[in-house]
Amino acid sequence: MLRDEAAFFSSRYEDAVQEPDAYWQRWIAEAETGGTKALFVAVDDDGTWLGVVGGFVRVSPREVQLISMWVAPEARGRGVARALIREVAAWTTARGSETVFLFVQEANAPARALYARAGFTPTGDRAPIGGGRLGFKLVLSAPARHVLAAYDK
Ligand SMILES: CC(C)(COP(=O)(O)OP(=O)(O)OC[C@H]1O[C@@H](n2cnc3c(N)ncnc32)[C@H](O)[C@@H]1OP(=O)(O)O)[C@@H](O)C(=O)NCCC(=O)NCCS
């Protein structure tokens with residue numbers, strides 16, 4: 001994901017592999033309890049991973065950041081990302097938060113279409129991608145209830 005499609009993500013593979021196993025084990029343990037972190041994996045009938053997404057309460061308990069959205073190239077166009085976003089929105093309301101926000105690169109047209117379809121709108125904030133790369137990332141947000149309502153139609 002990070003290595004093969006680095007252009008879409010702010011996090012860099014080179015940095016991620018530097019983290020000790022304990023860092024990732026702690027992340028997963030926290031996601032298992034569902035307190036401030038969540039990880040959703042879409043799997044095929046045979047257990048093959050089709051896609052992942054994370055949810056992360058970072059600053060305000062009212063806001064969940066949607067992170068690490070990725071669908072395997074061979075599984076795209078089948079509604080996997082749509083299902084994963086729905087899970088993050090459901091987790092957001094279940095934990096008592098209200099808003100889902102995320103960063104998306106301005107040039108990432110498929111992801112921007114995905115989020116627009118899910119009801120996300122630009123907050124107006126944007127920041128350089130960083131890491132020596134050109135371009136900007138935008139902040140999008142949506143009330144979790146609106147996302148769920150849009151998907152339940
Ligand atoms: C963006 C990404 C997550 C979409 O995953 P997906 O499972 O193919 O998306 P879905 O099939 O659930 O599509 C849902 C909606 O997104 C939009 N969409 C998805 N891919 C699109 C594309 N290539 N072009 C235009 N719109 C697209 C469509 O509006 C679609 O709704 P529709 O079926 O009603 O037309 C996937 O292409 C991916 O992993 N890309 C690389 C990583 C990435 O960019 N992650 C996001 C970082 S912010």
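Guide: Two strands pair if DSSP finds at least two bridges between them; strands (E, at least two residues) and helices (H or I, at least four) are DSSP runs, numbered from the N terminus. The model discussed here is predicted: local features need pLDDT of at least 70, side-chain atom pairs count only at pLDDT 80 or more, and totals for chains, interfaces and linings use all residues. Residues are numbered from 1 along each chain as its sequence is written.

Visitor: Why are strands S4 and S6 called paired?

Guide: S4 (residues 99-105) is joined to S6 (residues 133-143) by 7 bridges. The criterion asks for at least two, so S4 and S6 pair. They run antiparallel, and leucine 102 has leucine 140 in S6 as its bridge partner.

Visitor: Why are S1 and S5 called edge strands?

Guide: The open sheet has 6 strands in the order S1-S2-S3-S4-S6-S5, with mixed pairing. S1 and S5 each have a single partner strand, so one side of each has no neighbour in the sheet. From one strand to the next, the twist averages 25 degrees.

Visitor: Which residues count as surrounding the ligand, and what puts them there?

Guide: A residue is near a molecule if its C-beta atom, placed from the backbone, lies within 6 Å of it. By that rule 19 residues surround the ligand, the closest being Arg76, Ala81, Pro110, Ala113 and Leu114. H4 supplies the largest share of the shell, 5 residues.

Visitor: What makes a set of residues a nonpolar core, and which members of the largest one touch the most others?

Guide: The members must be buried Ala, Val, Leu, Ile, Met, Phe, Trp, Tyr or Cys residues joined through C-beta atoms within 7 Å; buried means 20 or more other C-beta atoms within 10 Å of a residue's own, with C-beta atoms placed from the backbone. The largest core has 25 residues, of which Val53, Leu66, Leu84, Ile85, Val88, Val100 and Val147 touch the most other members. S3 gives the most to this core, with 6 residues.

Key. Buried ≥ 20, exposed ≤ 12 C-beta atoms within 10 Å, placed from the backbone. Axes fitted to C-alpha atoms, helices over the stretch in contact; angles between N-to-C directions.
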